[in-house]
Every structure is written in structure tokens, then in C-alpha cells.
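Please keep the sequence and the structure in view while reading.

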Amino acid sequence: MRQTYDVTGMTCASCQSHVERAVGAVPGVESVAVSLLTNSMSVEGTASAAAVERAVSDAGYGATPRGGQTSGDSLAAEEEALVDHETPRLRRRLVASLGFLLALMYLSMGHMMWGWPLPAFFDGNHVAMGIVEMLLAGIIMVINRRFFVSGLKGLAHRAPNMDTLVAMGSGVSYAWSVWALLQMTYAQVHDGSMAAMAWMDELYFESAAMILVLITVGKMLEAMSKGRTTDALRGLMRLAPKTANVLRDGHEVEVGVEGVAVGDLFVVRPGGSIPVDGEVVEGGGAVDESALTGESVPVDKGPGDAVSAATINRSGLLTCRATRVGADTALAQVIRMVSDAAATKAPIAKVADEVSGVFVPAVLGVAAAVALVWLAVGADPGYALARGISVLVISCPCALGLATPVAIMVGNGMGAKAGILFKTAASLEATGRVRIVALDKTGTITSGAPVVTDVLPAAGVGEEDLLATAAALEAGSEHPLARAVLDEARSRGVGIDPVEGFSALPGSGLVATLRGRGLVGGNLELLARHAQIPGDLRSRAESLAGQGRTPLWFAAGGRALGVIAVADAIKPDSASAVAQLKAQGLRVVMLTGDNERTARAIGSQAGVDRVVAGVRPDGKEAVVRRLQDLGPVAMVGDGINDAPALARADVGIAIGAGTDVAIDAADVVLVNSHLADVPAAVRLSRATIRNIHENLFWAFFYNVICIPVAAGAWVRLTGWTMSPMLGAAAMSLSSLFVVTNALRLNLFDLRGEGHDRHGDPVGDGELDEALVELVACPARNVDNAPTGAEGKGTTMEKSLKVEGMMCQHCVAHVMKALEGVEGVSDVHVSLDDASATLEADAQVTDDELLAAVKDAGYRASVV
């Protein structure tokens with residue numbers, strides 16, 4: 001079970017790392033991902049919320065569970081959680097600090113360096129000047145006390161963070177200056193004004209204050225930029241309607257959207273927003289679905305058509321029946337996917353996390369060592385202290401912590417606006433790394449419903465006459481091909497006359513009588529028994545059949561009227577999408593249960609590299625498994641039969657118009673059901689990964705270059721040195737750079753083919769070798785192809801009962817766990833039967849299998 005928490009008190013990547021370690025140690029927690037960007041935490045496992053909250057509290061932070069619903073009050077609460085409250089708070093702190101800082105800088109630098117005038121009281125009274133500087137710096141430290149509270153709390157919990165560095169840098173500067181002020185006072189009393197003046201250069205009150213103010217400036221700019229990264233998610237939440245006009249006892253009643261129940265009738269007028277998912281029962285209109293799909297052209301809706309929450313009725317009056325409400329609506333699911341993805345962590349972030357976990361303690365050690373080394377070589381104590389303080393304040397773990405999550409959030413938001421939903425940060429990263437794309441045919445490459453592609457009347461017969469006769473005959477049939485003919489006739493305005501004596505001949509066709517004439521429709525063999533077949537018409541029909549289309553023959557009164565060809569036509573964007581995928585250096589394989597001739601015809605039209613026909617659902621999964629030997633594989637599908645392959649693939653991509661089972665098993669959902677969104681998703685993923693690499697490079701490069709400069713490592717060679725104030729400014733800018741660079745992703749063109757790069761495509765020989773039997777005998781089931789387990793000795797079949805699986809992702813986890821056991825092959829896992837079957841070498845023990853399932857987070861027993 002996954003639970004999301006809001007986490008308070010985190011200020012940098014070290015905080016994030018410490019919270020993850022603390023929660024990860026709680027019994028029952030299987031995985032934990034903490035997001036510094038959204039101040040949220042995603043926890044998977046059986047641990048109670050109380051145990052998780054206690055672990056976070058013991059670590060010095062706070063955690064509260066988020067509600068499970070995504071509607072009504074809880075949706076408003078989630079939107080409120082994303083509102084930028086930090087920027088106004090930091091702005092108030094900054095404004096208050098600046099007034100006192102200007103007075104401090106005028107006194108400490110304006111007068112001392114540029115001779116700006118001071119009240120007569122200060123003439124020759126250096127102690128008085130020092131006391132005023134101490135008071136002004138102290139006020140600024142009180143205003144910015146949050147750094148000290150958070151930093152000391154981190155130290156108390158043995159988890160120092162960025163605030164610890166800032167607090168120590170500022171606090172040590174202030175403490176040293178207070179000591180110097182005491183020495184100045186002693187010198188003033190015993191040795192006079194000139195002796196006291198010598199101590200003025202040892203006062204660092206302005207540095208102590210300036211460090212805090214500059215870090216606050218950087219924090220405020222960072223908070224402003226971070227707030228912009230969640231704009232897409234907040235925009236989705238704002239789309240949710242607040243009220244609905246529900247029909248109660250024949251009257252319209254306005255109720256809150258949370259008061260709408262499944263089965264309620266509601267009314268939507270022109271310009272109104274549809275409150276929940278439903279089905280039109282009366283009326284019609286054009287509905288703008290751009291909020292969910294990104295498509296700008298309104299879609300005509302009528303009785304029987306589905307409508308979605310947050311879409312807008314542009315014209316006409318609609319009466320609809322609610323089918324999904326609350327957290328079940330399409331909008332709520334989109335919001336949940338984007339929000340959940342933001343709470344997860346991409347694998348690429350692991351390097352930064354490992355560094356962040358030890359970064360602050362290492363910096364504290366380096367700063368102390370730097371100060372001691374300078375003292376050892378005879379440097380003035382004030383100079384040595386300044387070098388140590390510079391190292392403390394310039395070191396920035398925030399840039400490391402933000403490098404990945406800000407780019408992931410922006411990338412996810414862009415995808416959501418374009419109708420491409422990544423369920424996790426890992427899926428966003430993995431999509432750009434695939435080398436092979438496996439496409440289901442029906443519903444993915446093709447429309448999934450037969451349509452009339454050709455109308456070929458015989459000599460002396462008009463197209464409308466042929467269609468009218470065919471429609472009259474097919475009107476009595478419920479076959480999908482009959483519906484295609486009827487739809488074509490209606491679209492052309494052809495009337496459909498009633499027939500008599502209708503009869504279906506299984507496997508052959510239909511017969512009936514119309515105004516005394518016998519009508520016959522069906523395959524060529526049936527027609528040949530009732531009419532003379534013209535040779536030219538026969539050859540044209542055979543040509544269409546060779547293109548994967550189904551020719552339907554029709555005759556009336558013993559005369560052949562012509563042929564109507566029907567096919568599951570490819571979608572308009574399929575060929576272009578496949579071409580784009582190939583331009584990106586990906587190999588494209590089409591999988592289908594259809595016969596070889598039809599499959600090859602569709603594959604040729606789409607332009608795929610390889611066609612694998614005649615495969616069953618478990619066969620598709622086996623093909624994907626075989627392709628994975630060549631590199632990461634993305635599987636694109638829409639049906640229940642695609643779910644095993646979607647779960648098996650490195651990236652499962654579900655067409656949004658597909659079944660719930662397919663969507664549940666997938667890692668990426670295409671809301672628009674456009675195949676062209678697949679290359680767009682690859683582009684977005686690659687752009688996001690590239691942005692993360694840039695951010696990580698800057699975060700590491702900044703620290704590698706700046707820490708030695710701050711430590712004075714180059715001062716003897718180049719004279720380069722850095723004051724604590726300049727170090728604080730550089731620290732602030734590093735985080736701002738990372739966040740701003742991530743925001744550049746908002747300018748990325750998802751559809752721009754100029755971004756495509758070839759990469760390292762899989763060779764033809766490698767692809768053919770992986771599909772050796774499938775390519776040679778494409779009509780065979782994949783189950784008959786070699787599994788690669790031959791030659792491993794005696795094998796036996798084993799069956800397990802698996803408890804705890806709830807979805808196709810669970811199926812994939814169990815399958816991968818069992819396949820990871822040495823000597824195991826041909827694993828099949830069933831969600832419905834809660835079982836797993838596999839082939840195992842004789843030396844594989846039951847305990848090994850049970851342990852593998854247990855490690856994956858499930859319970860198993862041998863059947």
C-alpha cells in the first residue's frame with residue numbers, strides 16, 4: 001500500500017536524505033521517496049502511519065498523511081498544499097533584514113572604507129561603533145533565527161543540514177567578532193584609541209549579517225522558481241468544477257460536486273463545465289476536451305457518448321447520467337498520477353542522494369581543517385577563520401537535492417498538459433532510454449473498429465445502389481463488418497429498406513428478399529453459387545485481400561452487384577508516428593493475433609521494422625521478454641490482452657481509450673489515444689534527462705571549483721580568495737541556476753522532430769536473431785518459440801500460490817522476482833488465480849522461490 005505524506009522542516013538535500021533513512025528503517029516500509037521540491041514523501045509497505053510519523057518526528061521533522069480522495073474538500077486541500085507560502089514569508093524576513101543591514105553596512109564599510117560621515121558621538125569611539133554593529137547584526141540574526149533553529153536541531157539529531165552550515169558560518173563570525181570587541185574594549189581602556197582601532201579589522205559583524213541576508217535572498221528566489229514548477233499541477237486542480245446542476249424530482253438543484261452520486265442525472269448548459277464523468281442521455285453539443293487531451297477542436301457529443309469532468313460544453317444543452325464521481329473521474333486520476341509521480345524519485349537521483357547524505361558532515365570537517373591548516377602555516381587567526389567560514393557558506397547541498405526533482409516536476413507537468421501521463425519519475429526517465437518499441441496492432445496502430453475502405457460496383461451498377469442493397473441485407477446482422485457497412489451507408493445518406501426472409505449462413509454470409517428479388521452477401525464461394533463473377537472484379541477483390549482488407553461480395557436477382565472492402569484501417573497518424581520513432585533511432589515491432597497476410601499488410605502501411613503475427617496474450621509477453629535481451633523495450637497497447645506485455649516491458653504505454661486493466665498495468669498513459677504521442681513522450685523524456693544531467697553537472701562542478709577557492713587553495717598561485725559574503729552570494733546563485741535551468745523545459749517543443757537523435761539503434765541481425773522463429777514462422781504462437789532455457793539440465797514445473805497481488809504491476813514484480821532466481825525460466829503469473837507457474841532446474845529449491853517472492857513484498861506457498 002502506498003501512502004503520501006506532507007513533510008515539514010526540510011531545507012536542503014541533506015534533510016531529504018536523513019528523512020529517507022529514518023523512514024526506511026521503520027519495520028514494514030518497503031520503499032520511501034522524499035521530494036524536497038514538493039515537501040512530500042511517498043511510502044510503500046505495511047507500516048502504520050503512526051510509526052512513519054514517529055520516525056520523521058524523531059529525526060527532527062514533521063509528517064502528516066495526505067487524504068486518499070482527490071475531490072471536493074480534499075482536492076482544495078491538495079491545491080492549498082501546493083500554494084507557495086514560503087516566498088511571502090521569506091520576503092517579509094528579507095525586507096525587515098535589509099533595513100538593519102543597510103545601517104550596519106553604512107557604519108562598518110561606508111564610514112571605514114569611504115569616510116562617510118557619522119554622528120559626533122562616534123568620533124574616536126571605536127568601541128561604541130563595535131557595540132552598535134553587534135546590536136544591528138544581532139537583530140538581523142534574530143529575524144533570521146530559523147537558520148539557527150533548524151541548523152542546531154539538525155546537529156542535535158546528528159543530521160547536519162544546509163542551515164547548519166549557514167548558522168555555523170554566521171554564528172562563528174559573530175562569536176569571533178564579539179571576542180574581538182572585548183579585546184578592543186580592553187585596549188581602549190588600557191592603551192588608548194589607536195590600540196583599539198587596530199582591532200576594527202577583526203570585526204566580522206557585517207559578514208555574519210550579510211551571510212544570512214544573502215542566503216535569504218537566494219532562498220526567496222529559489223522558492224519563487226520552485227513555485228512555478230508546480231503550476232501545471234495546480235492548473236489541473238483548478239479545472240475541477242465546484243458545483244453541479246442535478247435533476248431531483250424533475251427539478252434542477254445546484255449542489256456541490258461532492259454531492260453528486262453515480263446514477264444521478266445532471267444538466268450542462270452552453271459554456272458550463274461538466275462536473276463529473278458521465279454519459280449523455282439527452283441532447284447534444286460540442287464539448288471542449290482540451291483540458292484533458294490537449295486537443296483544441298471541440299468534439300460533438302450525443303446520446304450514448306461519454307463526457308469527462310472539467311471539459312466544457314461549448315454549444316447545446318446536455319443531460320447526462322453520472323458514471324464516475326470523486327476520485328474515480330478521469331480528471332482526478334490525471335491529478336493523482338501527476339501528483340504521485342512528483343512524490344517518487346528517478347533512479348538518476350541516487351548519485352545525488354548518496355552524496356547529499358555525507359555532504360554536510362564532510363564540509364564541516366573540511367572547513368575546520370582549512371582553518372587549522374592556515375593557522376599552522378602562520379596565518380592571522382582572523383584570516384584563517386574567514387577561510388573556514390567561506391568554505392561553510394559556499395558549500396551548497398541544495399543544488400544537488402534540486403537537480404533532479406525540479407526537472408521531473410516540470411517534465412511531468414508538460415506531459416500532463418499534452419495528454420501524456422507518467423505515473424512515476426522512474427517511468428519518465430526510462431522512456432527516453434528505450435531502444436525497441438513493440439506496438440499492438442488493434443486499437444493502437446489501427447482504429448480498432450472495421451470501416452469501409454473501398455466500394456467497387458460491377459459494370460452498370462452505381463456505388464449508391466450497391467451500398468443500398470448491402471445495407472438492407474446487413475441491417476439484420478450484428479456482425480462488426482455489418483456495422484461498418486451500415487455506418488458507411490448512413491454517412492452517405494443512403495436509405496435502408498426492410499427485407500424479408502433474412503437468414504444468416506454461418507461462415508458464408510447472408511441471404512434475404514427485397515421486393516421479390518433474392519439478395520446474397522458474403523464470401524466469394526457463396527456468391528459464386530448464386531451469380532456469375534466478373535473476372536476484373538475478382539482480380540480487384542484479390543488485390544484488396546492481399547492488402548489485408550476483407551472483400552464482401554453482394555448479388556441481387558442472380559447478378560453480381562459488386563464488392564465492398566472492409567478493414568480495420570490504420571489511424572491517420574500511425575505511419576507518421578512510426579517514422580518519428582525510427583528517426584529517433586528506435587526499432588519498431590508490431591505484435592498481433594491476426595493472420596500473417598493481414599498483419600503484414602498493416603505493418604507495411606505503418607512502416608514498422610518487423611511484424612510478429614498469430615500471437616496470444618501470453619505470447620506478446622514472451623516476445624517482449626525476448627526483445628529485452630537487446631535493450632530496454634517499450635510496449636504500447638490498449639486491451640486486456642496487452643496487460644501482461646505492458647507489465648513485462650521496461651516501459652508500458654497504454655492508450656487512454658483502452659481498458660482499465662491495460663491502463664493499470666502501464667507506466668505511461670496517453671490520454672489522447674494518439675500514437676504520435678509515443679515519440680513525443682520519448683522526446684520529453686530525453687529532454688528531461690538531458691536537463692537533469694546539466695543540473696547535476698552544475699551542482700558538482702560548482703562545489704568542486706568553489707570550495708578550493710573559498711579555502712584559499714589558489715591564493716599563493718593566483719591571489720584568488722573569497723570573502724564569506726561573496727561565498728554566501730555564490731551559494732544562493734547555485735540553487736537558483738539549477739531551478740531556472742529546469743524551468744527552461746517549459747520552452748521545449750514536444751512535437752519538434754528537430755530534437756530527434758538517432759542514438760545507437762539495434763541492428764537488423766540482432767533483431768532477426770531475437771525473433772528467429774517468430775520472423776521465420778510469424779503465424780506460430782510465441783509459446784512454440786525457443787525460450788532460451790535449453791541445455792540447462794533437467795527441469796521441472798512448479799506452481800506457487802501468491803498472496804498480496806492487487807494489480808498488473810504486482811504481477812510484474814512477482815514475475816521479475818522469480819525470473820531473478822538462477823535456473824528459473826518460462827514464468828507465468830496470474831492475477832485472477834493468484835498463482836505462478838514456472839520451469840526450474842532440479843537444483844532450484846522451493847525455499848529459494850518463496851524467498852524471492854517474499855523479497856518482492858508478497859507471500860507465497862508451494863502448491
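## A tryptophan and its neighbours

Is Trp698 buried, partly exposed or exposed? Trp698 has a relative accessible area of 24% and is therefore partly exposed; the term covers values between buried, under 20% relative accessible area, and exposed, over 50% (1.4 Å probe, protein chains only). Phe701 also counts as partly exposed, at 38%.

Phe701 belongs to helix α28, which spans residues 677-711. Helices (H or I, at least four residues) and strands (E, at least two) are DSSP runs, numbered from the N terminus. Trp698 and Phe701 stand 3 residues apart in α28, so about one helical turn separates them. In general, an α-helix has 3.6 residues a turn, so residues three or four places apart point the same way.

## Basis of the model

The model is predicted: local features need pLDDT of at least 70, side-chain atom pairs count only at pLDDT 80 or more, and totals for chains, interfaces and linings use all residues. Residues are numbered from 1 along each chain as its sequence is written, and side-chain values use heavy atoms, with hydrogens and water left out.

## The chain as a whole

The chain has 863 residues, of which 53% are buried. Its secondary structure comprises 34 helices and 30 strands. Among contacts (heavy atoms within 4.5 Å) with a separation of 6 or more, 71% are made by residues 24 or more positions apart.

Accessible areas come from the Shrake-Rupley method with a 1.4 Å probe; for residues, only the protein chains shown count as cover.

## Aromatic pairs

There are 6 aromatic pairs in the structure. Rings of Phe, Tyr and Trp (its six-membered ring) pair if their centres lie within 6.5 Å; planes under 30 degrees apart count as stacked, over 60 as edge-to-face and the rest as tilted. One of the pairs joins Tyr174 and Phe205 edge-to-face, with 5.3 Å from centre to centre and 70 degrees between the planes. This pair links distant parts of the chain, since Tyr174 lies in helix α7 (residues 162-190) and Phe205, 31 residues away, in helix α9 (residues 205-229). Both Tyr174 and Phe205 are buried.

The pair of Trp698 and Phe701 is tilted, because the ring centres are 6.4 Å apart and the planes meet at 40 degrees. Together with Phe697 and Phe737, these two residues form one aromatic cluster.

## A nonpolar surface patch

Phe701 also contributes to a nonpolar surface patch of about 410 Å², alongside Phe697, Val704 and Ile705. Patches are made of residues with over 30% relative accessible area and no salt bridge: like charges are joined within 9 Å, nonpolar side chains (Val, Leu, Ile, Met, Phe, Trp, Tyr) within 5 Å. A salt bridge is a side-chain nitrogen of Lys or Arg within 4 Å of a carboxyl oxygen of Asp or Glu.

Helix α34 (residues 846-855) has Leu849, Ala852 and Val853 as its buried residues. Viewed down the axis, these fall within an arc of 95 degrees, so they line one face of the helix; the arc is that of the directions from the helix axis to the C-beta atoms. The face turned away from this buried side carries Asp847, Lys854 and Asp855, which are exposed. After α34 comes Gly857, with a positive phi near 100 degrees.
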